[in-house]
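Hello,

Here is the structure I promised to pass on to you. Have a look at it first, and then read on for what turned up in it.

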Amino acid sequence: MTAPEELSGETPSPRGKRLPPWLRVGLPRGAAFGRTASLVAAHGLCTVCRNARCPNIFECYSRGTATFLVLGEACTRNCVFCNIATGIPGPPDPGEPDRVAKAARELGLRHVVVTSVTRDDLADGGAGHFAAVTARLRQTLPGVVVELLVPDFQGRAAALSVVLSAGPDVLNHNVETVPHLYPRVRPQADYARSLELLRRAALRPGVRVKSGFMLGFGESPEQARRVIADLAGAGCAMITVGQYLRPSRRHPEPVRYVHPDEFGELAAYGRECGVAGMFCGPLVRSSYHAETQAATGEGSVVGPGRGCEGA
């Protein structure tokens, strides 16, 4: 497991200074963190919390929550912000859906978030595996809310249809950054393709669509607002906006650290665009307090070291 000191937030800023106070995170206290980590490991599972070195892992694990990472630990893409290794993972594990469901039951989760590495090597991009995980969660935990954070499936409408037919409550796909930065930040992705996936998902009755992106790659405030407007136009009910933090010294430094007030301005703009579920703040991530996001349907600004208001 990643050592706490490796995730303590004490990474030099772009100007060689310590992180601003609103980006500092505390180390875990009490036994809950260790219990969550041990349970996940006992079931042979991965979490994006650990594999992507999320700065919120201490808080979330200590609350007994985790976002499950399925379909392996190696990704077929190479996004500059991501800590997950690039490579070709093995075949999908048919026992993984059952282990995810059992772990979710033991954790007492009412809202389960499942994501994956991108599997461009698979004919369906892993869509069938997402469907199998969803089905097993429904069988094991009646009444559970299932949120799937999916890749773009290379634009395959049939693959998306397989996932949507499984009946997730929330379908999440992150655009990650503004379109003009895709060649540098997400070289194997396509902004228009991601928007089309979100539009298709929004047409499915009973599914709430969600997306998100990060600030700090060099985008302008106007470009960030344009993305919010695009996501609103695509039918997103929820949008998350957070600060990019490099997960290791191998990754590029942020161009800047965005003040919490700017996140508040973006949240207000999103609501003007008709998106009630705006969740914006320096430490916001797409699955951070996901249960609260889905339950309230009303966004809030997440301040330093705090969860969503009302959480």
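Predicted model: local features only at pLDDT ≥ 70, side-chain atom pairs only at ≥ 80, totals over all residues.

Which residues of α1 are buried? In this helix, which covers residues 32-42, they are Ala32, Phe33, Thr36, Ala37, Leu39 and Val40. If you look down the axis of α1, these buried residues fall within an arc of 160°, so they line one face of the helix. Just after the helix comes Gly44, which takes a positive phi of about 65°.

Next, the cysteines. How many disulfides does a search of the whole structure find? The number is 0. For Cys49, the closest cysteine sulfur is in Cys60, and at 6.1 Å it is too far for a bond. Cys49 is buried, with a relative accessible area of 7%, and Cys236 is buried too, at 6%.

Asn83 is buried, with a relative accessible area of 18%. A polar atom of its side chain lies 2.9 Å from the backbone oxygen of Asn51. Leaving out residues up to four places away in sequence, Asn83 touches Asn51, Ala52, Arg53, Pro247, Ser248, Arg250 and His251.

Enjoy exploring!

Best wishes

Technical notes: Residues numbered from 1 in each chain as written. Heavy atoms only, no water. Buried < 20%, exposed > 50% of the residue type's maximum accessible area, 1.4 Å probe, protein only. Polar contact = N/O pair within 3.5 Å; in protein donor to acceptor, adjacent residues only side chain to side chain. Contact = heavy atoms within 4.5 Å. Disulfide = S-S within 2.5 Å. Helix = DSSP H or I, 4+ residues; strand = E, 2+ residues; numbered from the N terminus. Arc of directions from axis to C-beta.
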